[in-house]
Amino acid sequence: MMKGKFITFEGCEGSGKSTQIKLLAEYLDKLNAPYIVTREPGGSEIAEKIRNLVLDGKNKNMSDSCEALLYAAAREQHLSDIVIPALNAGKMVICDRYVHSSLAYQGYARGLGEEYIRAINSRVISGYMPDITLFLDIAPEDAFRRKHGADKNDRMEQQGLEFHRRVYEGYKHCLKSDKNFYAVDCRGNKEQTHANIINILKDIIK
Ligand code: TYD
């Protein structure tokens, strides 16, 4: 069987990833196309435990590097439990966040640098870079407004607007360095954004 396509969604908190993933799933249902929807960090039993650890608002003293390594560890487990088997079964994998989140959040916003993030992720993701990454291009201040504020129990969402602006800049940088990384125009309503996504995926979904 032909290997399935690997599609990842990226964006700042509140950028509308979950809404767009839902609309894409409904679209694929109508086509009877085989797919799974999953997320990072988490998506499988052990990876969800790592997720709880890394996002727990009580872990205030976690070092930046520990955080980056935990995201990479969750990624490794999730790839082997969920992503690779589904791709091998010919299913499209739609994943909410992947290594570009580590580049934007840990590499840029935390300041660990792109090189370090690539180094700790290179073995983890070897051979499994997304066929297409859809970056929901909406500035963090607009995204937060849509979302009605941050979740106080989430370590990442507790970070201030400055942090999230750096995340956004990090994503903008990915546009230059990764040819499979696409910015999705999100200025319209959710149906227009969905249409923009389908247009980007038109060669993949047939
Ligand atoms: P989640 O609740 O899934 O956020 P969202 O709904 O915005 O996608 O939490 C995931 C958080 O983890 C989010 O703040 C981004 C962060 N993250 C990283 O910092 N690095 C990573 O590599 C990944 C996958 C996520």
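## Aromatic pairs

In one of them, Phe135 and Phe181 have ring centres 5.7 Å apart and planes at 25 degrees, so they are stacked. Phe135 belongs to strand 4 (residues 132–137) and Phe181 to strand 5 (residues 181–185), so this pair ties together parts 46 residues apart in sequence.

Phe181 is buried (under 20% relative accessible area; exposed is over 50%, partly exposed in between, with a 1.4 Å probe and protein chains only), at 4%. Tyr171 stacks with Phe181 too, with centres 6.4 Å apart and planes at 20 degrees. Phe135, Tyr168, Tyr171 and Phe181 form one aromatic cluster.

## About the model

This is a predicted model, where local features need pLDDT of at least 70 and side-chain atom pairs count only at pLDDT 80 or more, while totals for chains, interfaces and linings use all residues. Residues are numbered from 1 along each chain as its sequence is written, and side-chain values use heavy atoms, without hydrogens and water.

## The largest pocket

A pocket here is an open set of points on a 1 Å grid where a 1.4 Å probe fits, with protein on both sides within 12 Å along at least five of seven lines; lining residues have an atom within 4 Å of a point. The largest has a volume of about 610 Å³. Of its 30 lining residues, Glu13, Lys17, Arg51, Arg97 and Glu157 are closest to the centre.

Technical notes: Points joined across faces, edges and corners; volume = space filled by probe spheres on them. Phe/Tyr/Trp six-rings, centres within 6.5 Å; stacked < 30°, edge-to-face > 60°. Helix = DSSP H or I, 4+ residues; strand = E, 2+ residues; numbered from the N terminus.
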